[in-house]
Amino acid sequence: MNKKQILGWIGIAVISFVLAIALPLITPTPLTAQPNVNLLVSAAASMKDALEEIQPIYQQSQPNVNIRYNFGSSGALQQQIEQGAPADIFISAARRQVDALEQKGLLVPGTRSNLANNRLVLIVPNNTTGINSFFNLADARIRRIAVGEPRSVPAGQYADQVFKKLGIFEQIKSKLVLANNVRQVLAAVESGNADAGLVYATDAKISNKVKVIVAADEKYHSAIVYPMAVIKSSKNIPAAKEFVEFLASNQAKAVLKKYGFIVS
């Protein structure tokens, strides 16, 4: 091999070396796919339809976040969280349950806020006539009144307050049929297994089998507020915070309003 050929091979080697160093710098590095994040939201049963509609809207911009819901009575969900059941976010239908978790140090500080408000209404099956006020619940023809279990269901607690403020509790207490959550109350009235029931305005709105007789005067019960917060034991606190922030966005509020929730 002559000198000219040797220099040629050296030149090729140098060029190859330079390219090996430079190419990674000028070639775009493929974006690393974001790992999937799983969020479990424990929420009051009355939030079911609105939250299920919000989920795909959020995932359009956050496709790597998988959201699952655990719906039930606020009191039962509170107990689950206290006993160590997994949950990233808690949305209650009353302050009391979130207050309890906060007092026990189970919430991420600074993440609590009020999501929405609601109204308590008296409902009856569509074919019912002659009922126009809460006082009619004492009538002999009203045999079963469905309400949430007051010890664990906020709607039941509000109903209990209304009955006592109106002075009709003693007259109707033998007629009360207790349900595990507000959606069970709605189902009981829809099926005719109860002659009347007390649910949230948002629950009545989704049903074509019941009609609203009257909304309870808000001075007769505690304010119906839906507080939410991130649970301290969450393994995905940053993602949980982002979803809570989204629930307070105008986009999420529009869905809540559609289902009858009162948002500011």
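The model is predicted, so to speak of local features takes pLDDT of at least 70 and side-chain atom pairs count only at pLDDT 80 or more, while totals for chains, interfaces and linings use all residues. Numbering starts from 1 along each chain as its sequence is written, and side-chain values use heavy atoms, with hydrogens and water left out.

**The sheet**
- Five strands form an open sheet in the order E7-E6-E8-E5-E9, with mixed pairing (strands pair if DSSP finds at least two bridges between them; strands are DSSP E runs of at least two residues, helices H or I runs of at least four, numbered from the N terminus).
- E7 (176-179) and E9 (210-215) sit at the edges with a single partner strand each, so one side of each has no neighbour in the sheet.
- From one strand to the next, the twist averages 35 degrees (axes are lines fitted to C-alpha atoms, for helices over the stretch in contact, with angles from 0 to 180 degrees between N-to-C directions).
- E6 (residues 145-148) and E8 (residues 196-200) run parallel, joined by 2 bridges; Ile 145 has Ala 196 in E8 as its bridge partner.

**Helices on the sheet**
- H5 (residues 154-166) lies across E5 (120-125), E6, E7 and E8, at about 120 degrees to E8.
- H7 (residues 182-191) touches E5, E6, E7, E8 and E9, and makes about 140 degrees with E8 (contact means heavy atoms within 4.5 Å).

**The largest pocket**
- Its lining has 16 residues, with Ala 85, Pro 86, Ala 87, Ser 233 and Ser 234 nearest the centre (a pocket is an open set of points on a 1 Å grid over the protein atoms alone, where a 1.4 Å probe fits, with protein on both sides within 12 Å along at least five of seven lines; lining residues have an atom within 4 Å of a point).
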